[in-house]
Amino acid sequence: MIGRLGLCCLVLMLVACQPVEGSQQTAPLGPDQFHALILQRLSAPEFELIDGAKFYGPLVTEGGSRVYVSPLNREQVLGELSALIEPHVVEMRWSDDYGQYHGTFRLRSDPELEVALATSLLKPKTDTFKDAPEILRAYQSDVLYTPPSVWDEP
């Protein structure tokens, strides 16, 4: 027979072991699922795929990388991308260099694979978009996405 103290301890343990509402972990996505998740988000109306090679050179699109522009500001894009990828990457660490947030992120489901994401302000890129001033008028930020792949260490 369990005494009152034992019953209280049992109830406390059961309550303490219950997940807090909204805190349940999402299972990490595999590389193909993760790639599809990113492409789905970047296919939303607030993002537009552009010819990255045309504006940034052919190296930008190597490895399947894609470049998008958005009317969202850089901080909004950073927040949305961070929330989207956080459950699926080993560590969230963005760098801020010369107005660009960028990072490479290892997938939880396969830490050998990394993705690269970057977002920056378009306003200072007048030379880059001199042949497409409509991009500078309509959009605030750009996004570079490189899908999951094994990266060679330098």
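Ile50 has Val67 in strand E2 as its bridge partner, and this pairing belongs to a predicted model. Strand E1 (residues 48-50) is joined to E2 by three bridges, and the two strands run antiparallel. E2 (residues 66-70) is in turn joined to strand E6 (residues 141-150) by five bridges, again in the antiparallel sense, and four of the five residues of E2 are buried.

**The sheet**

- The six strands form an open sheet in the order E1-E2-E6-E5-E4-E3, and their pairing is antiparallel.
- At the edges of this sheet lie E1 and strand E3 (95-97), each of which pairs on one side only, while the twist from one strand to the next averages 25°.
- Strand E5 (residues 113-121) pairs with E6 over eight bridges, with the two strands running antiparallel.
- Tyr145 in E6 is the bridge partner of Arg66, and Tyr145 also has Leu117 standing opposite.
- As a general point, the side chains of a regular strand alternate between the two faces of the sheet.

**Helices on the sheet**

- Helix H2 (residues 31-42) lies across E2, E5 and E6, and the direction of H2 makes an angle of about 170° with that of E6.
- Helix H4 (residues 74-85) also packs on the sheet, where it touches E2, E3, strand E4 (100-106), E5 and E6, and its direction makes about 160° with that of E5.
- From its first C-alpha to its last, the twelve-residue helix H2 reaches 16 Å, which is close to the 16 Å expected at 1.5 Å a residue.

**Confidence in the model**

- The protein chain has an average pLDDT of 85, and 81% of the residues score at least 70.
- Within the protein chain, confidence is highest in E1, at 98, and lowest in helix H1 (residues 4-16), where the mean is 38.
- Over residues 4-24 the pLDDT stays under 50, and for this stretch the model has two contacts beyond four places in sequence.

Technical notes:
Residues are numbered from 1 along each chain as its sequence is written. This is a predicted model: local features need pLDDT of at least 70, side-chain atom pairs count only at pLDDT 80 or more; totals for chains, interfaces and linings use all residues. Side-chain values use heavy atoms; hydrogens and water are left out. Buried means under 20% relative accessible area, exposed over 50%, partly exposed in between (1.4 Å probe, protein chains only). Two strands pair if DSSP finds at least two bridges between them. Axes are lines fitted to C-alpha atoms, for helices over the stretch in contact, and angles run from 0 to 180 degrees between N-to-C directions. Contact means heavy atoms within 4.5 Å. The expected span of a helix is 1.5 Å times one less than its number of residues. pLDDT is the predictor's confidence in each residue, from 0 to 100.
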